Amino acid sequence: PKPPRGYRTSPPRHLYPPALYEPAVSPRQPCPLPPRRFRPLPRPTVRPLFLMANALDVAVGAALASSGVLIFVAYTFWAVVLPFVPKESWLHGVLPPRKWALYLPMIALAGGVALIAAFIVGMTRKKAAKK
């Protein structure tokens with residue numbers, strides 16, 4: 001029989017005692033398996049996260065994911081496709097001017113950084129007040 005997948009047919013001499021690397025009597029003799037040094041780890045009993053979610057978690061996640069996709073599609077249309085649409089089209093009247101396609105992400109980024117900084121400062125002060 002063939003050796004198991006992943007085992008070499010001639011083991012390195014520095015790892016096994018001499019009885020294991022002596023030449024086999026016949027080429028059909030199976031190669032010796034290396035000694036097991038460690039017991040295999042037990043399988044984890046942790047349930048996957050998607051099995052722990054209830055219906056509200058799934059609904060909120062679906063709403064966030066779909067709103068993110070909707071915002072991405074709308075912004076991409078506004079910033080990438082709208083410049084190629086003629087100025088007389090009714091689409092230009094529906095959407096804000098194109099300069100806001102640059103200003104809004106910058107404002108959102110500045111607001112997000114400010115919120116993160118405020119959270120870090122608040123946690124630092126709270127930790128300092130405990131001591």
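This is a predicted model: local features need pLDDT of at least 70, side-chain atom pairs count only at pLDDT 80 or more; totals for chains, interfaces and linings use all residues.
Q: Which residues form the nonpolar patch on the surface?
A: For a patch like this, you look for nonpolar side chains with over 30% relative accessible area, joined within 5 Å. Here the patch consists of Trp100, Leu102, Tyr103, Leu104, Met106 and Ile107, and together they have about 610 Å² of accessible area.

Q: What about charge: which residues form a positive surface patch?
A: That one is made by Lys126, Lys127, Lys130 and Lys131. Take Lys130 as the example: Lys130 belongs to helix H5, which covers residues 100–130. Its relative accessibility is 73%, so Lys130 counts as exposed.

Q: Zooming out, how many helices and strands does the chain have?
A: Five helices and zero strands. Read from the N terminus, the order of elements is α-α-α-α-α.

Q: What share of the chain is made up of buried residues?
A: Buried means under 20% relative accessible area. Of the 131 residues in the chain, 6% are buried. As for the surface, the chain exposes about 12300 Å², with 70% of that supplied by carbon and sulfur atoms.

Q: How do I read contacts along the sequence, and what percentage join residues at least 24 apart?
A: Take the contacts between residues at least 6 apart in sequence, then ask what part of them spans at least 24. In this chain that part is 25%.

Methods. Residues are numbered from 1 along each chain as its sequence is written. Side-chain values use heavy atoms; hydrogens and water are left out. Patches are made of residues with over 30% relative accessible area and no salt bridge: like charges are joined within 9 Å, nonpolar side chains (Val, Leu, Ile, Met, Phe, Trp, Tyr) within 5 Å. Accessible areas come from the Shrake-Rupley method with a 1.4 Å probe; for residues, only the protein chains shown count as cover. A salt bridge is a side-chain nitrogen of Lys or Arg within 4 Å of a carboxyl oxygen of Asp or Glu. Lys and Arg count as positive and Asp and Glu as negative; His and the chain ends are not counted. The place of a charge is taken as NZ of Lys, CZ of Arg, CG of Asp or CD of Glu. Helices (H or I, at least four residues) and strands (E, at least two) are DSSP runs, numbered from the N terminus. Buried means under 20% relative accessible area, exposed over 50%, partly exposed in between (1.4 Å probe, protein chains only). Contact means heavy atoms within 4.5 Å.
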